[in-house]
Amino acid sequence: MRSSWWRNAVFYQVYVRSFADSNNDGVGDLPGITSRLDYLRSLGVDGLWLTPFYPSPQKDHGYDVADYYGVNPEYGTLDDFARLVEEAHRRGIKLLIDIVPNHTSSRHPWFEAALSGGDDPHRTRYYFVPGRDDAPPNNWQSAFGGPAWTRLDGAPEWYMHLFAPEQPDLNWWNPAVPAEFRKIITYWLDRGADGFRIDVAVSLHKRRDLADRPLVPHRTTGLPTTAPGFEIIDQPEVHDVYRDWRHITGTYEPERVLVGEIFDPGRQSRYIKQDELHMAFAMMDRRWDASAWKQAIDVYRHAVSRSTSLPSWTQSNHDVIRHVTRLGGDGLGRERAKASALLLLGLPGQYFIYQGEELGLEEAFVPPERREDPLYIHTNGRHQGRDGCRVPMPWRQHEPNAGFSTAPPWLPTPAAWDRNAVDAQARSTTSVLSLYRRLLEIRRGLARRLPARMDWAAAPKDCLMYHRGPLSVACNFGHRPLELDQPGRLLIGSTPGVRRSATGLLMPPNSAAWLETRRSAGS
Ligand code: GLC
Ligand code: CA
């Protein structure tokens with residue numbers, strides 16, 4: 001099996017707007033990231049994924065791109081990007097950038113040209129379609145609520161947007177679109193990007209007939225529901241795009257990678273291929289239950305053959321409620337999150353940390369009048385939105401806005417975050433940050449001896465255990481302490497209560513442990 005830098009790598013997702021603010025305007029920026037590379041190196045990550053930093057009206061915080069070849073002036077310049085790449089590479093840190101091929105911003109020059117007149121050729125780069133009387137062309141819905149179509153000023157045609165109206169969908173059936181994206185990815189690869197995280201990766205082509213989603217009676221409730229198996233996205237031609245991109249990335253050394261925003265394991269098996277995407281996300285969002293986690297791990301483990309790719313375990317990102325909160329919040333959620341980090345970081349595969357996860361941050365409460373997420377705005381508040389996981393990083397205790405900025409940050413810092421600040425956690429040996437640092441260090445030390453294969457071991461109720469070469473990992477999901485009869489040296493426990501007793505291994509509720517045994521590396 002070819003050894004590639006990205007296999008088993010630990011990545012760190014930087015939400016650019018909220019990571020580090022170099023000029024105290026309340027908004028994160030590229031020089032801010034550069035200034036924190038030593039922090040990221042000391043954490044022990046191998047690569048970063050930067051969320052979109054392109055010029056954008058920020059209607060979906062950068063996922064509405066107005067110019068794919070530049071840097072949003074709020075975030076810096078192309079020179080700042082070049083410095084970030086150089087400094088990251090000097091520290092051995094790879095840099096993935098986010099590419100948004102499904103839609104542009106409504107302020108992209110193509111869309112502005114398309115609006116200039118009914119026969120402008122740019123219209124065919126989007127989906128402009130006549131409506132049905134006064135209704136949209138079909139019944140497709142936007143992910144942010146309401147129809148996926150908007151009509152401008154009584155015009156006969158509507159344009160499609162699977163997300164916000166300010167994010168018109170590109171028409172990938174028009175060869176001008178793939179040709180442009182070939183240029184875009186080459187442009188960033190030439191500027192040192194080590195790969196791409198591909199936004200809504202399977203959506204590019206829409207079904208050609210634009211047929212209504214059929215509604216059928218639900219099997220048990222009888223209520224109208226979308227017919228299973230009817231796809232408006234995920235067309236066979238999307239694969240041609242990724243074969244093309246894989247070919248392009250394959251001409252660069254060292255290897256460049258394509259990470260698809262794909263969570264469905266069935267889709268992963270169709271897109272992660274030797275000649276398509278390198279990896280996708282194994283999102284572990286199950287409730288805290290041993291058998292639910294075992295099942296989810298197995299489903300992702302078997303989605304793709306391990307000679308092709310390994311799962312990219314992840315628990316949080318900029319779109320979901322932070323997992324400390326999902327797992328019960330506060331002290332309980334944090335203990336579980338520390339245990340889940342041990343459980344997942346021992347598995348074969350990559351791991352994606354979401355910024356602030358290494359501090360054990362919880363979902364923040366953002367007052368309704370400060371919320372900015374289009375999901376909140378377009379659902380008229382029915383959905384609380386994703387601002388709560390996007391609140392800026394706390395860097396320094398006892399400073400305004402927990403040291404993120406002297407200016408009020410674009411989303412307010414919760415007062416309680418002061419004690420979560422990086423500097424405070426760096427001083428404490430029992431902090432979540434110290435745990436992550438030690439864990440990643442131990443993982444690096446073992447890396448060469450860890451095979452791509454793992455095997456579940458018998459374990460008591462509410463407990464999971466697996467072996468991977470010399471590493472054994474146990475996790476107690478239950479409410480009761482456990483004593484495991486498991487040999488081996490204790491490498492690390494998720495909490496100080498994990499320790500060796502005369503006869504076994506003591507595991508408090510909601511804890512996990514790594515043990516080293518003398519078993520051979522196996523297959
Ligand atoms: C992806 C992004 C999300 C964004 C959406 C539309 O799911 O992760 O933040 O809103 O695409 O671009
Ligand atoms: Ca700034």
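D29 is buried, with a relative accessibility of 2%, and D21 is buried as well, at 10%. Buried here means under 20% relative accessible area, with a 1.4 Å probe and protein chains only as cover; exposed means over 50%, and partly exposed lies in between.

This is a predicted model, in which local features need pLDDT of at least 70 and side-chain atom pairs count only at pLDDT 80 or more, while totals for chains, interfaces and linings use all residues. Residues are numbered from 1 along each chain as its sequence is written, chains are lettered from A and ligands numbered from 1 in the order in which they are written, and side-chain values use heavy atoms, without hydrogens and water.

D21 and D29 both coordinate the calcium ion (ligand 2), together with N23, D25 and V27, at 2.2 to 2.4 Å. V27 contributes its O atom and N23 its OD1 atom. Along the chain the donors have the spacing D-x1-N-x1-D-x1-V-x1-D. Donors are N, O and S atoms within 2.8 Å of the metal (3.2 Å for Na, K and Ca); water is not among the atoms, so sites may look incomplete.

Ligand 1 has 14 residues around it, and D60, D199, E261, H318 and D319 come nearest. A residue is near if one of its heavy atoms lies within 4 Å. Polar contacts, pairs of N or O atoms within 3.5 Å, include these:

| Side chain | Distance to an oxygen atom of ligand 1 |
|---|---|
| E261 | 2.9 Å |
| H318 | 2.9 Å |
| R386 | 3.1 Å |

Taken alone, ligand 1 exposes 310 Å², and the protein buries 96% of that; these areas come from the Shrake-Rupley method with a 1.4 Å probe.

Methods
A polar contact is a pair of N or O atoms within 3.5 Å; within protein, one must be able to donate a hydrogen and the other to accept it, and residues adjacent in sequence count only if both atoms are side-chain atoms.
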